[in-house]
Amino acid sequence: MKEMENRNGAQEASKGKANPGKATILALGKAFPPQLVLQDYLVDGYFKDTSCDDIDLKQKLTRLCKTTTVKTRYVVMSEEILKKYPELAKEGQPTIKQRLEICNKAVTEMAIEASQAAINNWGRPASDITHLVYVSSSEARLPGGDLFLARGLGLSPQTQRVMLYFTGCSGGVAGLRVAKDLAENNPGSRVLLVTSETTIIGFKPPSVNRPYDLVGVALFGDGAGAMVIGRDPFLGIERPLFELHTTTQKFIPDTQNIIDGKLSEEGISFTITRELPQIIEDNIESFCETFLQTLGLHEKEYNKIFWAVHPGGPAILNRLEKRLELLPEKLTASRRALMDYGNASSNTIVYVLEYMMEESLKMKMEGRKIEEWGLILAFGPGISFEGILARNLAV
């Protein structure tokens, strides 16, 4: 315990400043396709695009759209795409070739734009990027999207690349875990983490045989996110946002079918069972226990830290808030990201962190207390839990 107290004391002494050797998030960036979808108009547009006149399904989607808390989203799908590929809106058509033709191009374009935004915010040239971590569950090709992204950004052929495919909603935090290890084990390196997703890979017409599809229609969005990660930032040039400490990944045994995705001739089909929010609620305290112990906090002291949680849906956020007895403001950034962008899969944690920075700066200007320590969390197929103990350097 004495050793723990000494370590915490040293960290407290460097409040607001990055500790030597620790990976930090140096910049954030995001990008979206041009089509902005207002939730209030989604139902009519979707049923029109798919030529479906099933009243019961339409009413069910209307109810779902109201419960998701999503207000706006961006999507790659457009009238032009449906005119060129009308088979995408028809039941049982072998369309995987067409879908990948659209997705592979779209995710690369969004990834390049998000990367450029992050690099511009970082303040150093793209030529200083030494490593690339690329995350997507929306494409499939050889060579992978990491190569096309590196080429599109003009990165050096010597850039070290890592690719994470089909990690779903936990992919952004999984990628951040990998980027952290790369940055800390390669002094002087600068790691570009990029996520890019589109729902076209699974776009289908409504069907009574696939009720979960309506949940996806009501909840998921498209986009890309990017971060620059590195240790020992250059003062006056780089501005570290978050410092990354302990990382943990865990899968819950016998839950591999709770989030299920299969790639077929018709694209990818996802099913998520109703048990998901309950399983996350039942396991969240044990997963976070080690993080609290590292900080010297006791059980139930969850409101003494910040929470950057991937917003898989309102039910998951509500369950976490209730189980951990969190103050409502603890999940404000997650709820804002869900409202403005929907669940954009691996990208969404970037949007959450961006909102957290915005809120931290506002609180600092108003003289309000900002929690220095907190958790970056996401949940994905497996069911896999991803967590990172982090310091907010805006304090």
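**Spaces, a helix and a loop**

Author: The largest cavity has a volume of about 50 Å³. A cavity is a set of points on a 1 Å grid over the protein atoms alone where a 1.4 Å probe fits but cannot get out. A volume is the space filled by probe spheres set on the points, which are joined across faces, edges and corners. This is a predicted model, in which local features need pLDDT of at least 70 and side-chain atom pairs count only at pLDDT 80 or more, while totals for chains, interfaces and linings use all residues. Residues are numbered from 1 along each chain as its sequence is written, and side-chain values use heavy atoms, with hydrogens and water left out.

Reader: How many cavities of 30 Å³ or more does the structure hold?

Author: The structure holds 1.

Reader: Which residues line the largest cavity?

Author: Its lining, meaning residues with an atom within 4 Å of a point, includes Glu87, Lys90, Arg99, Lys204 and Glu266. The lining divides into 7 charged residues, 3 polar and 1 nonpolar. Here Asp, Glu, Lys and Arg count as charged, Ala, Val, Leu, Ile, Met, Phe, Trp, Tyr, Cys and Pro as nonpolar, and the others, Gly among them, as polar.

Reader: And what is the volume of the second largest pocket?

Author: That pocket holds about 460 Å³ of space. A pocket is an open set of points with protein on both sides within 12 Å along at least five of seven lines. Of the 20 residues lining the second largest pocket, Glu329, Lys330, Glu359, Met363 and Lys369 lie nearest its centre.

Reader: Which element gives the largest share of that lining?

Author: Helix α12 does, with 6 residues. Helices (H or I, at least four residues) and strands (E, at least two) are DSSP runs, numbered from the N terminus.

Reader: Changing topic, is α7 mostly covered or mostly open?

Author: Mostly covered: 13 of its 15 residues are buried, that is, under 20% relative accessible area with a 1.4 Å probe and protein chains only, where exposed is over 50% and partly exposed lies in between.

Reader: Where is Pro157 found?

Author: Pro157 is in the loop between α6 (145-153) and β5 (160-165). Pro157 counts as exposed because its relative accessibility is 75%.
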